[in-house]
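Biologist: I'm new to reading backbones and helix packing. Could you walk me through a few features?

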Amino acid sequence: MSEELHPSTHPPLPPTTEDDRVAWLRLLRSRRVGPATFHRLMQEHGSAQAALEALPEVARAAGVETYAACPVGVAEAELKAGAALGARLIFIGTPDYPELLAETPDAPPFLWAVGDGASLLQRPMVALVGARNASSLGLRMAKALAGALSERGHVVVSGLARGIDAAAHLAALDHGTLAVVAGGVDVMYPAENTKLAEDIARTGLRLSEQPIGTVPQARHFPARNRIISGMAQAVVVVEAAARSGSLITARNALDQGRDVLAVPGHPFDARAAGCNMLIRDGATLVRNADDVLAALPARAEAPAPPQPDLPLAPPPEKRSLAETARLHTDILNRLGPAPLAEDQLIRDLSAPAARVSPALTDLEVSGKITRHPGGLVSRS
């Protein structure tokens, strides 16, 4: 994404009171408010409470007259459920929040975490992903890579799916591993990995951006994948078919500026087709953990110099109803069902980002467009 779309790379100030935490939950859980729109509203209005108060007007500008934000009771119930589970919220802008993930444009405003591995969030991470119906050789490779990487100080991140994910978590258990799940942190999916999920929480963490109790649906998995790749320095694909969720994770990684590595496989094995395609297209070939470590970017030993405080973003430009309607129409005419990069849309419209971004927020809240991981938008 171009810098033009993100005037400030600083995350919003994290909540400090219970009322603030409730407001953050209410804002993100409000209908059609995803992470990108959350950040945009926070940038425009300065706080979650102010954004909540502005939401009905934002919806009216997009033609929705009866919009209501998430009720206070729903957010309070989620906090109560998390506390009963022993989970805690990790907010963007706090020291515990993964640094690399915070730099992504659609970073989750907060993550639910279950487990005793909070210190892992500040260590270098490598994501290992791959096929659910993995071969015996693929499972052995995942275990070998995860075991060696964790022994050498890297935290293994994966998605707790059956197959390669489960093998990677299992091999890294002794040193702590991070499982990013598609549903709530309390929902064991798939059920066959329930014991593994419980074991992960003893030395590592289960993480999710979804509400407590959420049963994962198909749409949750691509969103989960962007978190896996966003947290890690690099993504290693062990086995993947030509069309698979692992390749979505790899594409997210490239969009996020992460290194993508792949284990080659036999040309006749469909489970290796995705990995072979990635290598053909420039991904680093992986034979062992040394290949992964050699490809990782060097870590700076000295702390980064303190950054000066940036001024708050200017208030959104006032637009007449006619101007707003014309811009909404222009945007919808440019979009179709295939996702398009937001910065490309802005170039196509020949309009300032400061005008287009608030209009996209209006259209998302009204349900006329859909945001996708990686800064993509499509017409709903």
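Predicted model: local features only at pLDDT ≥ 70, side-chain atom pairs only at ≥ 80, totals over all residues.

Biologist: What is the phi of L160?

Modeller: First the general idea: most residues other than glycine have a negative phi. L160 isn't a glycine, yet its phi is positive, about 60°.

Biologist: Is L160 buried or exposed?

Modeller: Buried means under 20% relative accessible area. L160 has 2% relative accessibility, so it counts as buried.

Biologist: And where is R32 found?

Modeller: Look in the loop between helix 1 (18-29) and helix 2 (35-45). R32 is not a glycine either, and its phi is positive at about 65°. With a relative accessible area of 35%, R32 is partly exposed.

Biologist: Now peptide bonds. Which residues does a cis peptide bond join?

Modeller: In general, most peptide bonds are trans. Here, a cis one links Y189 and P190, with omega about -5°. You'll find P190 in the loop between strand 5 (177-180) and helix 8 (194-203).

Biologist: Last one, helix packing. At what angle do helix 14 and helix 15 pack?

Modeller: Helix 14 (residues 342-349) and helix 15 (residues 353-365) pack at about 120°, and their axes are 10 Å apart. That angle makes helix 14 oblique to helix 15. The crossing is right-handed.

Biologist: Which residues of the two helices meet?

Modeller: From helix 14 come E342, L345, I346 and L349, and they meet A353, V356, S357 and L360 of helix 15. Sorted by type, the residues of this contact are 6 nonpolar, 1 polar and 1 charged.

Definitions and conventions. Residues numbered from 1 in each chain as written. Heavy atoms only, no water. Axes fitted to C-alpha atoms, helices over the stretch in contact; angles between N-to-C directions. Helix = DSSP H or I, 4+ residues; strand = E, 2+ residues; numbered from the N terminus. Parallel < 35°, antiparallel > 145°, perpendicular 65-115°, else oblique. Left-handed = near helix turned anticlockwise from the far one by under 90°. Contact = heavy atoms within 4.5 Å. Nonpolar A, V, L, I, M, F, W, Y, C, P; charged D, E, K, R; others polar. Buried < 20%, exposed > 50% of the residue type's maximum accessible area, 1.4 Å probe, protein only.
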